[in-house]
Amino acid sequence: MTEFWLISAPGDKTCQQTWDKMMAATTRTNNLSTNHKFSIPDLKVGTLDVLVGLSDELAKLDSFVESVVKKVAQYMADVLEDSRDKVQENLLANGVDLVTYITRFQWDMAKYPIKQSLKNISEIISKQVTQIDNDLKTRASAYNNLKGNLQNLERKNAGSLLTRSLADIVKKEDFVLDSEYLITLLVVSQKKNQTNIKKNAPVLSSSLLFEDSDSGLFSVTLFRKATDDFKHKARENKFTVRDFQYNEEEMKADKEEMTRLSTDKKKQFGPLVRWLKVNFSEAFIAWIHIKALRVFVESVLRYGLPVNFQAMLLQPNKKTMKKLREVLNDLYKHLDSSAAAIIDSAMDIPGLNLSQQEYYPYVYYKIDCNLLDFKV
């Protein structure tokens, strides 16, 4: 399970007692979850009005930063293309895997100084992640254009002999060039029809230049004045004359463009992956700090001053999530009888998905570390 429940409950006589009670209820007899203390420093509380306003702002910021974290992760998967199994090992926070980072969370005092007000800290995060989002758009656009142009050229150089580029197949010596009387045409014929090329048309010479599983490409030399007659016979016999003029400069330019794009893509790949790794880490760290801010703000609003609560990180066992929810409800329903009533009534309604019922008697936020749209 890569889902965590970040909760808080008011301190009893000590915060340690709050922790011990929760541990006893969820692990000692029934192994419902793996739990960790979640360390939040002494942040500046500010006024009640500011806290109420900040509660809404942080909810929006949480959604925005989560979306950026997912975008960076997904783009990493897109860039790594055939090495998608390597994606997870590149999605790290502060050099460790995401579960380790969350379960051992320590507030980053250098990035987000706790002497600043809560609003200032949230603005620092907002500015930082907006910059990552903007940079991602710019870098992704440049790389995608390059990749798209290269794929277009690669498509031209692959596929059917009827449509593909012939630059890497034909050579100058395959053609009679600059002749007043003779012309060389390129003909594509299915294998079963190939004997008909010489039989049914005024051909002086023909040779097979290339063959794939379906058909062959022939150079056919004939008198210029017989061109129309040859094309007519070609249609009758179901072989195709390619509209092709031999142009050495053009073919050379195509090959050079392909080499340039391929080289550029390789050059950009390394720095882009490095940028994605660094900025995924930055965005993910920012996201978990927002969760910490939300727990702090919501705990003060719910449990009052002085600040006295224990933040706890639960990693539920998938099969016992419903049971864990019931145990936490029993443990904390005294904190808010109205919330407990909502949950009790919700439990009686068949088919209602409790995970959508986001209000509980205790402070609760979900952290889902499964950030990709596919399984790796």
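What percentage of the 376 residues in the chain is buried? Buried residues make up 43% of the chain. This is a predicted model. The chain has 10 helices and 8 strands. Its radius of gyration is 34 Å, well over the 21 Å from the globule rule for 376 residues, so the chain is more spread out than a compact globule.

**Overall form**

- Along the principal axes, the C-alpha atoms fill a box of roughly 105 × 45 × 30 Å.
- Take the contacts in the chain with a separation of 6 or more: residues 24 or more positions apart account for 78% of them.

**Surface and charge**

- The chain has an accessible surface of about 20,200 Å².
- Carbon and sulfur atoms hold 50% of that surface.

**Helix α1**

- Helix α1 covers residues 15-28, which is 14 residues.
- From first C-alpha to last, α1 reaches 19 Å. That is close to the 20 Å expected at 1.5 Å a residue.
- The buried residues of α1 are Thr18, Trp19, Met22, Met23, Ala25 and Thr26.
- An α-helix has 3.6 residues a turn, so residues three or four places apart point the same way.
- The cover over the buried residues of α1 includes strands β1 (3-10), β2 (33-37) and β7 (309-316). Helix α9 (321-332) is also part of that cover.

**A cis peptide bond**

- Leu305 and Pro306 are joined by a cis peptide bond.
- Omega at this bond is about -5°.
- Pro306 sits in the loop between α8 (248-303) and β7. Strand β7 is among the elements that cover the buried residues of α1.

- Asn94 is not a glycine, yet its phi is positive, near 55°.
- The loop between α3 (87-90) and α4 (98-103) holds Asn94.
- Is Asn94 buried or exposed? Asn94 is exposed, at a relative accessible area of 53%.
- Lys238 also has a positive phi, about 60°, without being a glycine.
- Lys238 lies in the loop between α7 (227-236) and β6 (239-242).
- With a relative accessible area of 65%, Lys238 is exposed.

Definitions and conventions: Residues numbered from 1 in each chain as written. Predicted model: local features only at pLDDT ≥ 70, side-chain atom pairs only at ≥ 80, totals over all residues. Heavy atoms only, no water. Helix = DSSP H or I, 4+ residues; strand = E, 2+ residues; numbered from the N terminus. Rg over C-alpha atoms; globule rule 2.2 N^0.38 Å. Buried < 20%, exposed > 50% of the residue type's maximum accessible area, 1.4 Å probe, protein only. Contact = heavy atoms within 4.5 Å. Areas by Shrake-Rupley, 256 points an atom, 1.4 Å probe, with all protein chains shown as cover. Expected span 1.5 Å × (residues − 1).
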